[in-house]
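This report looks at how side chains pack and pair in one protein model.

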Amino acid sequence: MAKSKSYQSNLSEALKDPIEAVEYLNAALEDGEPEVFLLALRDVVDSYGGMGKLAASTSLNRENLYRMLSTKGNPEFFSLSTVLDAIGFRLAVELKTAARSKTKSGVAKLVLHVNTAQVKEPGAKYGLAADSKSRAKSPISLSTSDGNEVGTLEFDFNKSALIFQVTRDFPVKRVQDAEIQTRDGKILSREVSVEGETRLVLLRKKKIFPKDVSQITLTMAE
């Protein structure tokens, strides 16, 4: 069934938010059908400015883009990567389950995801500085790849530190270091420090707020 103009307009407006766009594309990927993902990517491209703008910022012409982002599209890896790069995204691979992947060095990796659904901007066009600080400080949940919530991600303004606050049974003292991936594509790797039984300091002296983080990979001692 064709989408109504009001639905399409609301969708396009929502997808201008990179966080919403990422969730939309990932949901399409989980559907398992290539054409569903390609049509979802076309929706994101429309919110970015349309095929014309995309063609102008890539080496692909408009006709090829329309053909590629259709139900019969079959884009090459380079073309798909080029489109995603042009609208501010990239391809990535991660573990399907939360099982720790053992490495040759005898350690394990555990990927934690930020629950972006909790990161919502206020409806008002302008916000007070105090409100902005509150949103930056507000904790958001961290969960494993299979959806098990293990704690919250918080920013301690007093210590200027990014904190993982554990809310369930979790081997805190086995964590050695953390790789923090931000929404703008940066990757920061740091040794962690343990405070008490349920608190891990992931990053110090950098204003990386919970809403800026896309995922965290922890290195665990065996």
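Which residue does E195 form a salt bridge with, the closest N and O atoms being 3.5 Å apart?

## Basis of the model

This is a predicted model, in which local features need pLDDT of at least 70 and side-chain atom pairs count only at pLDDT 80 or more, while totals for chains, interfaces and linings use all residues. Residues are numbered from 1 along each chain as its sequence is written, and side-chain values use heavy atoms, with hydrogens and water left out.

## Salt bridges

The partner is R204, whose salt bridge with E195 has its closest N and O atoms 3.5 Å apart; a salt bridge here is a side-chain nitrogen of Lys or Arg within 4 Å of a carboxyl oxygen of Asp or Glu. R204 is partly exposed at 41% relative accessibility, the classes being buried under 20% relative accessible area, exposed over 50% and partly exposed in between (1.4 Å probe, protein chains only). Through shared partners, salt bridges join D156, K159, E195, R199 and R204 into one network.

E195 also pairs with R199, with the closest N and O atoms 2.7 Å apart; R199 is buried at 18% relative accessible area, whereas E195 is partly exposed at 22%. The count comes to 7 salt bridges, including one between K16 and E13 at 3.3 Å.
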